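Me: Hi! I'd like to go through this one with you, a bit at a time. Could you take a look?

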Amino acid sequence: MKKTTKFLIFLTICLALIMPVFSLAAGGLVPCDGVDCDFKAFMTLINKVINFIFVYMALPIAAIMFAFAGFLMVSSGGSTESRTKAKNIFTNAVIGLVLATAAWLIIKTILIIAGYKDIGTFFK
């Protein structure tokens, strides 16, 4: 494949993943109207963005990678090269998910230390 085609495919996938941000913004991403913005509104914004990135981007991408690696594993037909590739994808997906979870925990800890008490859970 040409570099241009690969870039366009990558760009299309990225735009498809980022498009829900705009619908989330229309539903109240920014919790204040510009007049009464305070520290709590800023922390709420950070909390919403981090939750969105983790729940609506990192988890689905990890699930897609697990499904793709499982498909490669099942359809390897005894090929050690294909099986090794599938195991590497599984390993990288797990590492990415662990890193995303660690980043989420670090941000949540920083928010709590900064004084934001309405952390809650992912699913509100």
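Me: What share of the protein chain counts as buried?
Reply: Of its 124 residues, 19% count as buried, where buried means under 20% relative accessible area, exposed means over 50%, and partly exposed lies in between (1.4 Å probe, protein chains only). Bear in mind that this is a predicted model: local features need pLDDT of at least 70 and side-chain atom pairs count only at pLDDT 80 or more, while totals for chains, interfaces and linings use all residues. Residues are numbered from 1 along each chain as its sequence is written, and side-chain values use heavy atoms, with hydrogens and water left out.

Me: Where do I find a nonpolar patch on the surface?
Reply: F7, L8, F10, L11 and L15 form one, with about 500 Å² of accessible area together. Patches take residues with over 30% relative accessible area and no salt bridge, joining like charges within 9 Å and nonpolar side chains (Val, Leu, Ile, Met, Phe, Trp, Tyr) within 5 Å. A salt bridge here is a side-chain nitrogen of Lys or Arg within 4 Å of a carboxyl oxygen of Asp or Glu.

Me: On to α3. What span should it have?
Reply: Helix α3 (residues 80-113) has 34 residues, so at 1.5 Å a residue it should span 50 Å; its end C-alpha atoms are 49 Å apart, which agrees. The expected span is 1.5 Å times one less than the number of residues.

Me: Which residues of α3 are buried, and what do they pack against?
Reply: The buried ones are S82, A86, I89, A93, W104, K108 and L111. They pack against α2 (39-74).

Me: How many aromatic pairs are there?
Reply: Two, if rings of Phe, Tyr and Trp (its six-membered ring) pair when their centres lie within 6.5 Å, with planes under 30 degrees apart counted as stacked, over 60 as edge-to-face and the rest as tilted. F54 and W104 form a stacked pair, 6.3 Å centre to centre with 25 degrees between the planes. That pair links distant parts of the chain, F54 in α2 and W104 in α3, 50 residues apart.

Me: Why does F54 count as buried?
Reply: Because its relative accessible area is 8%. W104 is buried as well, at 17% relative accessibility.

Me: What about A41, what does it touch?
Reply: A41 lies in helix α2. Leaving aside neighbours within four places in sequence, A41 is in contact (heavy atoms within 4.5 Å) with P31 and C32. Its relative accessible area is 11%, so A41 is buried.

Me: Last one: what is A114 in contact with, beyond its sequence neighbours?
Reply: F39 and M43, leaving aside neighbours within four places in sequence. A114 and F39 are 75 residues apart in sequence, and their C-alpha atoms are 9.7 Å apart in space. A114 sits in the segment after α3, and at 35% relative accessibility A114 counts as partly exposed.

Key. Helix = DSSP H or I, 4+ residues; strand = E, 2+ residues; numbered from the N terminus. Areas by Shrake-Rupley, 256 points an atom, 1.4 Å probe, with all protein chains shown as cover.
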